[in-house]
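Hi,

Here is the structure I promised to send over. Have a look, and then read on for what turned up in it.

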Amino acid sequence: MINSRLMPLIRKEFIHIRRDPRSLLILLFMPLLMMFIFGYAINMDLKHIRIGICDLSRTPASRDLVETLKASSYFNIVVRYDDPRKTESLFQQRLVRAAVIIPADFERNFARSPSAPIGVITDGTDANSATLVQNYLDNIFVSQSLSNLSNGNGMPILVKPRMLYNPDMLSAHFIVPGIVALLLIMIGALLTSVTIAREKETGTMEQILVSPIQPYEVVLGKAIPYLLLGFTIGLFIMVFGHLWFDVPMLGSWFWLLLFCIFYVFTALAIGMLISTLVATQQVAMMLSLVGTLLPSVMLSGFVFPVASMPLPLQVISKIIPATHFLIIIRGIMLKGNGPLELWPSFLAMSAVGLFFISMAVKRFRMKLK
């Protein structure tokens, strides 16, 4: 019977996990540590940005604008200077990340038109931060213009923006679900990548080769224990992220956990394939980290949107399981999506998992022949 052959393999794998301190360390401490590190270190919100003010106008209108910038929690005015030619030296000395130059005729132009020109210079060495700083300043200038209109210089324009699913624009709501996807695929692939490689190193592979067990039974027997452990880890870090970082859960826990099982299975399949390709545990661990961590961070949409990537990279991103699970977990937790909205991502993720597990079984069958 298949069950009579599978159960000893599953039991043997659990014994390996219990006796392997490296696996236990990964299982117990790495998810929690990485959740803290990524959850607090990756923050898209910029606060207390150091700026310099060059007020050549020195009028009530320019002082009002400076006070508005000073009152904002986004900016700290650290330098006030009178010569615009000093602006570049401030950036070279890393004293400021942005500079606002108010021209001498600012009040006169502002009285005629709320779109009076103002010089804004940002540090372009960090393009993303520079764009955010520029957007923050633009919003303040627009609000100042609207205030001028509402004081009688024109018809007031009331802009009421609304941010769906993340009204407070908290980075944790965007980052933490991505960390869950990143941790699950990295840990799942890392743990299973050493299974067959360990058999080779310890010399027990020959015992498996001469046994009547089938290749797919070997793969399943080694994957099922890690599937259970990976699912437990996934449940833990999702609940921890929900409670510790206050990430909302607008959808169903049932559907999220069900999709999580298939995602963990996909991660295990990648690890099993890697373990059939290499001969040592060290190489297997290195290859699993490089093969899952870098693509999942760079190409899955975890940080950078897939739509902004070149077309060849967008095609590559489709074969990265984290790309599809990110849509699923963010859709369920932040939008309240269900299976009707997420089935295309689920099918794509499952197809990738079936492909990798079939390749692992094929590779192991070749070793049996």
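Let me start inside helix 12. Leaving aside neighbours within four places in sequence, Gly-271 is in contact with Ala-189, Thr-192 and Ser-193. Bear in mind that this is a predicted model. Gly-271 sits in helix 12, which covers residues 253-277. Is Gly-271 buried or exposed? Its relative accessibility is 0%, and buried means under 20%, so Gly-271 counts as buried. Phe-356 is 85 residues from Gly-271 in sequence, yet the two C-alpha atoms are 8.9 Å apart in space.

Now for the cores. The largest nonpolar core has 72 residues. Met-35, Leu-184, Tyr-263, Phe-302, Phe-325 and Ile-328 are the ones with the most contacts inside it. Helix 8 (residues 171-193) gives the most to this core, with 14 residues. As background, nonpolar side chains tend to be buried together in soluble globular proteins.

Phe-29 is in the loop between helix 2 (21-28) and helix 3 (30-41). The relative accessible area of Phe-29 is 52%, and the cut-off for exposed is over 50%, so Phe-29 counts as exposed.

Next, the strands. Strand 1 (residues 49-55) has six of its seven residues buried, so the rest of the structure largely encloses it. Strand 1 and strand 2 (residues 75-80) run parallel and are joined by five bridges. Across that pairing, Arg-50 stands opposite Asn-76 of strand 2.

What does Thr-87 touch, beyond residues up to four places away in sequence? The answer is Tyr-81, Ala-99, Ile-101 and Ile-121. Thr-87 has 4% relative accessibility, so this residue counts as buried.

Cheers

How values were computed:
Residues are numbered from 1 along each chain as its sequence is written. This is a predicted model: local features need pLDDT of at least 70, side-chain atom pairs count only at pLDDT 80 or more; totals for chains, interfaces and linings use all residues. Side-chain values use heavy atoms; hydrogens and water are left out. A nonpolar core is a set of buried Ala, Val, Leu, Ile, Met, Phe, Trp, Tyr and Cys residues joined through side-chain atoms within 4.5 Å. Buried means under 20% relative accessible area, exposed over 50%, partly exposed in between (1.4 Å probe, protein chains only). Helices (H or I, at least four residues) and strands (E, at least two) are DSSP runs, numbered from the N terminus. Two strands pair if DSSP finds at least two bridges between them. Contact means heavy atoms within 4.5 Å.
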